[in-house]
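Here are my notes for you, as numbered points. Keep the structure open while you read them.

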Amino acid sequence: MLEFRTQGFNGYAVKYSPFFDSRIAVASAANFGLVGNGRLYILGLTPKGILAEKWFDTQDSLYDLCWSETHENQCVVATGDGSIKLFDIALDEFPVRSWQEHKREVFAVHWNLVAKDTFCSSSWDGTLKIVRTPPTFLQ
């Protein structure tokens, strides 16, 4: 069995890339998601085990993630500050887009498997949002 430790962060969600069977993303939070930062891990499955290819630190906890259905390097994360962030793992820093759609923690995100420019989110504020991404972010 392979194992990877998210030292200092507790994992909340893990998803395989729909494009690469050896790439996994993990949404995590410090202090069990109660207070503190989050981290998005991009992990590679190799013959030598699981290796961290890249990670992105955030100012609030990350509770969920989903990979883009149209862009192999992009994923969306659900954050504790009510925002949804789009990361491009080909870049070294910062999300490429952020939506401040909710008033409370975003706890789930899911990319539409049919309308591939659309994803949905749900929050502890009791709302569900459907977001259509501009084509420029998915190229």
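1. Start with Y12, which is partly exposed because its relative accessible area is 32% (buried means under 20%, exposed over 50%, partly exposed in between, with a 1.4 Å probe and protein chains only). You'll find Y12 in strand β1, residues 10-16 (strands are DSSP runs of E, at least two residues, numbered from the N terminus).

2. A quick word on the source: this is a predicted model, where local features need pLDDT of at least 70, side-chain atom pairs count only at pLDDT 80 or more, and totals for chains, interfaces and linings use all residues. Residues are numbered from 1 along each chain as its sequence is written, and side-chain values use heavy atoms, leaving out hydrogens and water.

3. Now the sheet. Four strands make an open sheet in the order β1-β2-β3-β4, with antiparallel pairing (two strands pair if DSSP finds at least two bridges between them). At the edges sit β1 and β4 (49-58), each pairing on one side only.

4. A13, for instance, has A27 in β2 as its bridge partner.

5. Which loop holds E69? E69 is in the one between β5 (62-67) and β6 (74-79). E69 counts as buried because its relative accessibility is 19%. Leaving aside neighbours within four places in sequence, E69 is in contact with P18, F19, W111, N112, L113 and K116 (contact means heavy atoms within 4.5 Å).
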